[in-house]
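Let's take a friendly walk through a protein model.

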Amino acid sequence: MTGGTPGPPWSWVWGAPGPPRATRRRGGGRGERPAGHSRPTPPASGPAHPPPLYQAAGRWGTPRAAVRVGLLCRFAPPQLPAWPTAMATVVAQRLSHLLPSWRQAHQEPQPSGQPEPVFTVDRTQVPPLFWKPYVYAGYRPLHQTWRFYFRTLFQQHNEAVNVWTHLLAALALLLRLAIFVRSVDFWGDPHALPLFLIVLASFTYLSLSALAHLLQAKSEFWHYNFFFLDYVGVAVYQFGSALAHFYYAIEPAWHAQVQTVFLPLAAFLAWLSCTGSCYNKYIQKPGLLGRTCQEVPSALAYALDISPVVHRILVSPDPTTDDPALLYHKCQVVFFLLAAAFFSAFVPERWFPGSCHIFGQGHQVFHVFLVLCTLAQLEAVALDFEARRPIYEPLHTRWPHNFSGLFLLTVGSSVLTAFLLSQLVRRKLDQKTQ
Ligand SMILES: [Zn+2]
């Protein structure tokens, strides 16, 4: 794994035997960090390396059993012979060596009154690749075990809200699918397949995004790769949206205009959007070039994918018509535009630099509006699936299976592109370390 040297084992949490507790110093105080996350500073006479984070190793390493046995010996009656004291000391020394590994194996709960393990560091301790604008603390250290990053699901850090917003939405989608299964015959009804695909595509992008935000801190190599996967999920969702709108929401007049090009073009733009996003992440060039690579293909894809809905809203005879699906469609458009506005504006953290380490980042707001967009979209599509069958069935008699192939093509081409960019990342990081 390039860029991922093996990190320190869990010993920094549970600890190898360290200096006596009385000689250690606690507390960080350097830089901004969220409440409840203190980083111990090294002893004044200690070495420059390992870095301060790993000075936490050994905080848990004091052999309590040795202390207890030592206390027993200390208060032993003076008339006792010397050999029990010597034997107790030997036993205590043996236990002091065994205890840390026993703790490591059984992961026993921490003793009460002890400081919490260090899960976050400030941004001076991670490479600039990981820096978020206006966010100076709450970063997770690199090169820990995978288990460490999974455990941070339940810790406060500057990606926690991004993880949970999409994780909870993915779970909500599974519940929604369970409700769909009661009323929709996904196996027997050929017109139900696009409905299944939009649910699957939504679940894919939400779960890959949650995974990316949770695990990207592992190393530079994995940071790139998890966000490439995130972009694959977005491309899959883009094509799923295009398919659902084209299949259920479209008006016959717009269908007649675009039927030959709509889905192939949607598949191409989804792939282009994935490629542009991956390339923007790879080149790491903030500014007009990077934004053009990522945002122009995404905007084009959205313009095409939402066009059946916009056309339907425009030609709707009465804005107050009794069509709940149209109301949900309007909501999904508004939520998407709000999400897009927050995507790269870095608002509100721009207005409160250093105050949005855990909550209040623009990307979190973007996630919330995107989830609301997806939920509104699913309700709209479900209502269209039920109510518009007389309209969409005649439209889709000739090309019933083409969309499945295009869906797989979108997935395959996006995964392949992400893989190729991953190889370029490996080469770039190799050159950096040589
Ligand atoms: Zn995100």
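## Starting from one residue

Leaving aside residues up to four places away in sequence, V161 touches I358, F359 and Q364, where contact means heavy atoms within 4.5 Å. The C-alpha atoms of V161 and F359 lie 7.1 Å apart in space, although the two residues are 198 residues apart in sequence. V161 has a relative accessible area of 18%, so it is buried; buried means under 20%, exposed over 50% and partly exposed in between, using a 1.4 Å probe and protein chains only.

## How to read this model

This is a predicted model, in which local features need pLDDT of at least 70 and side-chain atom pairs count only at pLDDT 80 or more, while totals for chains, interfaces and linings use all residues. Residues are numbered from 1 along each chain as its sequence is written, and side-chain values use heavy atoms, leaving out hydrogens and water.

## Helices α5 and α6

V161 sits in helix α5, which spans residues 160-183 and packs against α6 at an angle of about 155°, with the axes 8 Å apart. Axes here are lines fitted to C-alpha atoms, for helices over the stretch in contact, and angles run from 0 to 180 degrees between N-to-C directions. The two helices, α5 and α6, are therefore roughly antiparallel; that label is for angles over 145 degrees, while under 35 is roughly parallel, 65 to 115 roughly perpendicular and the rest oblique. Among the residues that meet are L173 and L177 in α5 and F203 and L206 in α6.

Helix α6 covers residues 193-215 and reaches 32 Å from its first C-alpha to its last, close to the 33 Å expected at 1.5 Å a residue. The expected span is 1.5 Å times one less than the number of residues. Because 17 of its 23 residues are buried, α6 is largely enclosed by the rest of the structure.

## Helices α7 and α12

Where do the axes of α7 and α12 cross, and at what angle? They come within 10 Å and cross at roughly 30°. That makes α7 roughly parallel to α12. The contact includes Y237 and H245 of α7, and Q377 and F385 of α12.

## The whole protein

The protein has 14 helices and zero strands; these are DSSP runs numbered from the N terminus, with helices (H or I) of at least four residues and strands (E) of at least two. Buried residues make up 47% of its 434 residues.
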